[in-house]
Amino acid sequence: MSDPVEEIVPDSSAKEVPGTVDHRDYSSSSSTDGDDFRRPTNEKPHLFGRQKPVHAALGGGKPADILLWRNKQISAGMLAAATVIWLLFEWIGYHLLTFICHSLILTLAILFFWSNISHFVNKTPMEFPEILLPEKLWTEVALLLRDRFNWAFGVFWEVASGKDLKKFLYSILGLWIVSIVGSWFDFLTLVYILFVMLLIVPWFYEKHEDQVDIYAQKAKKELKRQYSHLDEKVLQKLPKVPFVKDSKQQ
């Protein structure tokens, strides 16, 4: 004889009663669905409104590795080479053309003697690599330079047109500051300082990102406050320059 089948009676407590709220646990689904709305955002504002990490903001790849000292040998080598070149020109008094010629003479002499001596010391002669500059790379560089020059000329004519007084004053102030800094150093020293800063500032910022962002936000607020005072007391009181209308509008 077959066993009697037990009849499963549904629990009356599980029935939904009209007018009551279902208190069953939906925490696993609701926590994931509304997590973005309930979780407070702790994202801190970064310098220049940056959203990506420092390495990604610098373009990634080998250039970013060099600027952030991920490849310490190449970064230290570039810094040492720049320092040696700066010392040669500034302290020893080398000239650019003389330096290039002496460097080529030394390189050609070493390669020439090594190619001849290698036969006597049973060494394989040096194989010179074939250097071919890629056309695509230089085309992209030329297009990039063209775009930058066009943008610079466009900004220059926009400021010179007299349509924006604030932009004109900013340009005059920036050029005046650059002229003062340029009077302190010669051109080569200024380029060397910029190159050293390019190798040190990104690395320092990545190491002390939080502290730099805090001080940058305080400085930004102070600059905005000072500019609001300047705009209220000086810029708004200046007479407006009448714009030159187009010939079509006349």
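1. A helix here is a DSSP run of H or I of at least four residues, and helices are numbered from the N terminus. The model is predicted. With that reading of a helix, Trp69 sits in the loop between helix H4 (61–67) and helix H5 (72–92). The backbone of Trp69 has a positive phi of about 60°, although this residue is not a glycine. Is Trp69 buried, exposed or partly exposed? The relative accessibility of Trp69 is 21%, and buried means under 20% while exposed means over 50%, so Trp69 counts as partly exposed.

2. On the chain as a whole, ten helices and zero strands are present. The chain has 250 residues, and 11% of them are buried. Taking contacts between residues at least 6 apart in sequence, 53% join residues at least 24 apart.

3. The UniProt record, an unreviewed entry, places the feature "transmembrane region" at residues 96–117 and 168–201. In the model, residues 96–117 are 100% helix and 0% strand, and the end C-alpha atoms of this span lie 32 Å apart. Residues 168–201 are 94% helix and 0% strand, with 30 Å between the end C-alpha atoms.

4. Two packed helices are described by the angle between their axes and the distance between the axes. How do H5 and H9 pack, and at what angle? H5 and helix H9 (residues 187–207) have axes 11 Å apart, at an angle of about 165°. Angles over 145 degrees count as roughly antiparallel, so H5 is roughly antiparallel to H9. The crossing of H5 past H9 is left-handed.

5. The residues that meet between these two helices can be listed by side. From H5 come Ser75, Met78, Leu79, Ala82, Thr83, Trp86, Phe89 and Glu90. From H9 come Leu188, Thr189, Tyr192, Phe195, Val196 and Leu199.

6. Thr189 lies in helix H9 and has a relative accessible area of 11%. The cut-off for buried is under 20%, so Thr189 is buried. With which residues is Thr189 in contact, leaving aside its neighbours within four places in sequence? These are Trp86 and Glu90, and both are listed among the H5 residues that meet H9. The side chain of Thr189 also makes a polar contact of 2.5 Å with the side chain of Asp186.

7. H9 also meets H10. The axes of H9 and H10 come within 5 Å and cross at roughly 100°. An angle from 65 to 115 degrees counts as roughly perpendicular, so H9 is roughly perpendicular to H10. On the H9 side the contact is made by Phe204, Tyr205, Glu206 and Lys207, and on the H10 side by Glu209, Val212 and Asp213.

8. The last point concerns Ser228, which is placed in helix H10 (residues 209–233). Where does a polar atom of the Ser228 side chain lie relative to the backbone oxygen of Arg225? The two atoms are 2.5 Å apart. The relative accessible area of Ser228 is 36%; this value falls between the cut-offs of 20% and 50%, so Ser228 is partly exposed.

How values were computed: Residues are numbered from 1 along each chain as its sequence is written. This is a predicted model: local features need pLDDT of at least 70, side-chain atom pairs count only at pLDDT 80 or more; totals for chains, interfaces and linings use all residues. Side-chain values use heavy atoms; hydrogens and water are left out. Buried means under 20% relative accessible area, exposed over 50%, partly exposed in between (1.4 Å probe, protein chains only). A polar contact is a pair of N or O atoms within 3.5 Å; within protein, one must be able to donate a hydrogen and the other to accept it, and residues adjacent in sequence count only if both atoms are side-chain atoms. UniProt positions are given in the numbering used here, feature names are shortened, and annotations may be inferred rather than shown by experiment. Axes are lines fitted to C-alpha atoms, for helices over the stretch in contact, and angles run from 0 to 180 degrees between N-to-C directions. Angles under 35 degrees count as roughly parallel, over 145 as roughly antiparallel, 65 to 115 as roughly perpendicular and the rest as oblique. A crossing is left-handed if the near helix is turned anticlockwise from the far one by less than a right angle, and right-handed if clockwise. Contact means heavy atoms within 4.5 Å.
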